[in-house]
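The following report describes the fold of one chain and its contact with a partner chain.

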Amino acid sequence: MIYVDNAATSFPKPGEVGRAMLDYLENKSANPGRSAHRLSIEAGRAIYRTRENLARLLDLKDPLRIVFCLNATEALNLVIRGFLEPGMHVITSSMEHNSVMRPLRNLEKKGVEITVIRDKEDELFINDLEKSIKKNTALILLNHASNVNGRIFPIKSAGKIAEKNGILFMIDAAQSAGCIPIDMYEDNINILAFTGHKSLYGPQGTGGLAIRDDVDFTRIKTLKTGGTGSKSEKEEQPTFLPDMFESGTPNGVGLSGLNAGIEFITARKINEIHDFEISLAHELKSYLKKSAGITIYEPLSEDSTATVSFNIDRLPSSKVAMILDEKYEIMTRAGLHCAPSAHKSIGSFPSGTVRISFGIFNTYEHVEKLIDAIIEISRDF
Amino acid sequence: MKEARSVILFYSSSAALKMESLAKSENLVVKLIPIPRDLSSDCGICLLVLNDDMEEIKTIIDNHRIEYEGIHDYMV
């Protein structure tokens, strides 16, 4: 069995992740931050440790500026819906996932103005971005890395332009947090949305926001209100982080697993993980490129994540993925990958592509078997 | 802990946990305890510290810009 669908969710998870979750359930799982007994404090510590490790990973100074959500989609919605008002203008790219496109298109109907910049090489893209800025531009929101072809966007330059123009800059780091080094200050990121279950190797149901210390978060309305364990005498929502955005009992067990995932990857160093994964992707790409009858959808950036999109020209992507699964036990993902805009941008809409996405547990042997399977499928079907 | 002690009240349990983590990394003796009812009606936690460590505690609070509600003498 070969799993190469890590851009959807990483599999397997390190053993430490499951063990940390079991330990939390068996030994700690009182309500964190609610009751003040030892078990509640222990549960609170487990979650705080996750904040600390995430802050360290992203070079964020204050761990309390990590806000936990269910996933990156919820985190993105929190800022998109909580910050944008009718009359405001937002700039994004054509390579966005529907986690960005759908909330934006929904708000467009309510009077938010949207400019979608078509993906081009970095310099041209940045030029277009700068030219798109208007008086009412309030947010620039970009994919850090594409879930379709691994394209890495020039976030540092985009963030600089945003800063120069006094515009909030947010990135969707669902595909990058954990496999590309990120520094919120160096990379000029104001707000970052992450998911726990991909390159951070945590369980599903974990994700959130990292909000830089100099961002006035009170400009973002909270989508949910409720119990926080703080200011309990008041019937109004607290206005400090993370409580303002974190009502209700948190996913303590999931966040304990996420913490173990983060500790697992940081012990291996992010840039080394990236180098390893990208070497697997290069191996696959160098074969695909020289094969007749195969189209490969290359990213418009020099560096990329280990996500490769291709098609065997005569075959629908869904059929290739099905044969890979049924005959070779190789798990990939076909179709549009919840990113119709990105597929339009790379020219593979509406048929989609076969996507191979490598993770830390893949091997060169996996790549060889994958190549052999693709050779056979191209020949036999 | 027979020495004179104080409790620091924060606005959230996350802030109390942050202060505990920072204080422990400086090897200070601290303990998270339920907020005494006479100090606040809140059901959360506060940090018990030794008065001898107060200068270092305040340095951490300043350096990390930790907002706190108040510092009170701790009576058993």
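Of the 76 residues of chain B, 51% count as buried, where buried means under 20% relative accessible area with a 1.4 Å probe and protein chains only. This is a predicted model, in which local features need pLDDT of at least 70 and side-chain atom pairs count only at pLDDT 80 or more, whereas totals for chains, interfaces and linings use all residues. Residues are numbered from 1 along each chain as its sequence is written, chains are lettered from A and ligands numbered from 1 in the order in which they are written, and side-chain values use heavy atoms, with hydrogens and water left out.

Along the sequence, chain B follows the pattern β-α-β-β-α-β, with helices (H or I, at least four residues) and strands (E, at least two) taken as DSSP runs. Because a compact globule of 76 residues would have a radius of gyration near 11 Å, the 11 Å of chain B agrees with that expectation; the radius is taken over C-alpha atoms, and the rule is 2.2 Å times the number of residues to the power 0.38.

The contact between the chains (heavy atoms within 4.5 Å) draws on both partners as follows.

| Chain | Residues in the contact |
|---|---|
| Chain B | 17 residues |
| Chain A | 20 residues |

Together, chain B and chain A bury about 1500 Å², 55% of it on carbon and sulfur atoms, this being the accessible area (1.4 Å probe) lost on being put together, summed over both. Tyr11(B), Leu17(B) and Lys18(B) supply 30% of the area that chain B buries against chain A, more than any other three residues.

Note on methods. Buried means under 20% relative accessible area, exposed over 50%, partly exposed in between (1.4 Å probe, protein chains only). Buried area is the accessible area (1.4 Å probe) that two parts lose on being put together, summed over both.
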